[in-house]
Amino acid sequence: MGFFAFLILGLIAGAIAKAILPGKQGGGIFITLLLGVVGAMLGGWIGGLLFNANINEFFSLSTWLLAIGGAIIVLLVYGMISKRSVR
């Protein structure tokens, strides 16, 4: 998968992850999309290590699930860190 396809996948995965997570997370849409790209990379890395998943296909269900799962993990961690730093 090319760089731009991976970037688009991460942006969409970040938006979907934000829609899935309940409550109001800090950060705007730019932070959410950036964290989605990081989460897509994390999900692909974890999927490759644990499940030997191949994330080279843009329209593969496993690619999308790993990217969204990674984005959810990154958004949850970011939410815990940003709430702790506010107090």
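## The end of helix α2

Just after helix α2, Asn 52 adopts a positive phi of about 55°. This structure is a predicted model, and the angle, like every value that follows, is computed from its coordinates.

## Confidence in the model

Averaged over the protein chain, pLDDT is 85, and 91% of the residues reach 70 or more. Among the elements of the chain, helix α1, which covers residues 3-20, has the highest mean pLDDT, at 89, whereas α3 has the lowest, at 86. Some caution applies in reading any such model, since where pLDDT is low, the predicted coordinates should not be read in detail.

## Helix α2 and Gly 44

Helix α2 runs through residues 29-51, and Gly 44 is one of the residues in it. The helix has 23 residues and reaches 31 Å from its first C-alpha to its last, which is close to the 33 Å expected at 1.5 Å a residue. Its buried residues are Thr 32, Leu 35, Gly 36, Val 37, Gly 39, Ala 40, Gly 43, Gly 44 and Gly 47.

Gly 44 counts as buried because its relative accessibility is 10%, under the 20% cut-off. If neighbours within four places in sequence are left aside, Gly 44 is in contact with Ile 55 and Leu 66. Gly 44 and Ile 16, by comparison, are separated by 28 residues in sequence and by 16 Å in space, taken from C-alpha to C-alpha.

## The nonpolar core

The largest nonpolar core has 14 residues, and those with the most contacts inside it are Leu 9, Ala 13, Ala 17, Ala 67, Ile 72 and Leu 75. Helices α1, α2 and α3 each supply at least two residues of this core, and α3 gives the most, with seven residues. As a general background, in soluble globular proteins, nonpolar side chains tend to be buried together.

Ala 17 shows some of these contacts in detail: not counting residues up to four places away in sequence, Ala 17 touches Ile 68, Ala 71, Ile 72 and Leu 75.

## Ser 82 in helix α3

Ser 82 belongs to helix α3, which spans residues 61-86. With a relative accessibility of 17%, Ser 82 counts as buried, because that value also falls under the 20% cut-off. A polar atom of the Ser 82 side chain lies 3.3 Å from the backbone oxygen of Gly 79.

Technical notes:
Residues are numbered from 1 along each chain as its sequence is written. This is a predicted model: local features need pLDDT of at least 70, side-chain atom pairs count only at pLDDT 80 or more; totals for chains, interfaces and linings use all residues. Side-chain values use heavy atoms; hydrogens and water are left out. Helices (H or I, at least four residues) and strands (E, at least two) are DSSP runs, numbered from the N terminus. Buried means under 20% relative accessible area, exposed over 50%, partly exposed in between (1.4 Å probe, protein chains only). A polar contact is a pair of N or O atoms within 3.5 Å; within protein, one must be able to donate a hydrogen and the other to accept it, and residues adjacent in sequence count only if both atoms are side-chain atoms. Contact means heavy atoms within 4.5 Å. The expected span of a helix is 1.5 Å times one less than its number of residues. pLDDT is the predictor's confidence in each residue, from 0 to 100. A nonpolar core is a set of buried Ala, Val, Leu, Ile, Met, Phe, Trp, Tyr and Cys residues joined through side-chain atoms within 4.5 Å.
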